[in-house]
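I opened the model today to look up two things, one residue's contacts and the surroundings of a ligand, and I note below what I found.

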Amino acid sequence: MLKRFEKVYGIDLGTSNTVIFERGKGIVLNEPSVVAIDQNSGGILAVGTQAQAMIGRAPAHVEINYPLMNGVIANFDMTTNMLDYFMKKIQGRSSLLRGSKVYISMPCGITNVQKRAIMETIVHKGAKKAIAVEEPVAAAVGAGLPINEPIGHLVLDIGGGNCQVAIISLGGIVASNTLNRAGISIDRDIMDYVKRKYNVEIGERTAENIKKQIGTANASAEERSLEIRGRDMVDGLPRSITITSGEIFTIVDDFIKTLVQAISATVELCPPELAGDVIEQGILLCGGCALLEGINERLCMETRIPVHTAADPLECIAAGTGMML
Ligand code: ADP
Ligand code: MG
């Protein structure tokens, strides 16, 4: 008898990036959670990577929309349109989700009603089943931690819109805290800083590039510099300036301090046995900002807890979501 092959997907619907994992195949999609809309017609012009390329370069009638802002769903219809587009993209023209099982992790800030609505949409598109997964649990599974044992693990996910600190044990969350500051807020702080210090306005993508290229959480890192371009606020003309890693460190430093407070507040919330486990097991660091230079060592130094960065911080949540049993 021919048994139909059931497809299993894991989706990490993030505020900055959406990542899709297919069981048996691995990561099949990783694109920014961005939609470009034509304001004249109201139609969607581009989604994901294509839409991101338009940021800061689009004509007036093109609106760039981030459906998930600050870890909540800012625009529900846009979120489902985007998901629909991504699912179609990975499946080609064929039978969409038909008969598949979809595990999905969503930002912790979204409501249960919204979560249910997203899952209903996925089922409506043809999936046999849609199951919501808690992000920190998925991250731990993706990193290969034995989550079902009665041992506490601390997961720190630093994404674009928010950070989540969670202590998990026996497959569930025991204590957690979220911060509405993460990668995007660092970018904004960089934009503000350049404006104040140099009277130059830079775009979001330039700020993000500065963070990725010379951003550091290490006070004694070797000084590096980067030439960037923006618009002079005095004469309105394009201007290039050179910015150093030391300048960006000051901005990152402020964020790290907030992060350390959130970690200790979370440890304080959990029973002492688990707190002991956390010190022994260490912190699992994931999310795109785990790639920030020196963040691992810095967090380790500040919290005196060992920090392990996930093998692939940007993709481990989707992978873990897809590996759920
Ligand atoms: P989300 O789960 O909210 O979608 P991600 O986990 O995908 O977020 O992380 C996105 C964030 O990670 C962005 O703010 C991005 O700038 C940041 N990021 C990605 N790569 C790097 C890097 N190499 N260095 C520093 N930050 C990075
Ligand atoms: Mg995420």
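I began with Ile 214, which touches Arg 224, Ser 225, Leu 226, Ile 243, Thr 244, Ser 245 and Ile 248 when residues up to four places away in sequence are not counted, contact meaning heavy atoms within 4.5 Å. Ile 214 is buried, with a relative accessible area of 2%, where buried means under 20% with a 1.4 Å probe and protein chains only. I placed Ile 214 in helix H6, helices being DSSP runs of H or I with at least four residues, numbered from the N terminus.

For the record, this is a predicted model, in which local features need pLDDT of at least 70 and side-chain atom pairs count only at pLDDT 80 or more, while totals for chains, interfaces and linings use all residues. Residues are numbered from 1 along each chain as its sequence is written, ligands are numbered from 1 in the order in which they are written, and side-chain values use heavy atoms, without hydrogens and water.

I then turned to ligand 1 and looked up which helices each supply at least two residues of its shell; these are H5 (183-198) and H6 (204-214), and H6 gives the largest share, three residues.

Next I checked atom distances to ligand 1. A polar side-chain atom of Asn 17 lies 2.7 Å from an oxygen atom of the ligand, and a side-chain N or O atom of Lys 211 is 2.6 Å from a ligand oxygen atom. From Gly 288, a backbone N or O atom lies 2.9 Å from an oxygen atom of ligand 1.

How values were computed
Polar contact = N/O pair within 3.5 Å; in protein donor to acceptor, adjacent residues only side chain to side chain. Buried < 20%, exposed > 50% of the residue type's maximum accessible area, 1.4 Å probe, protein only.
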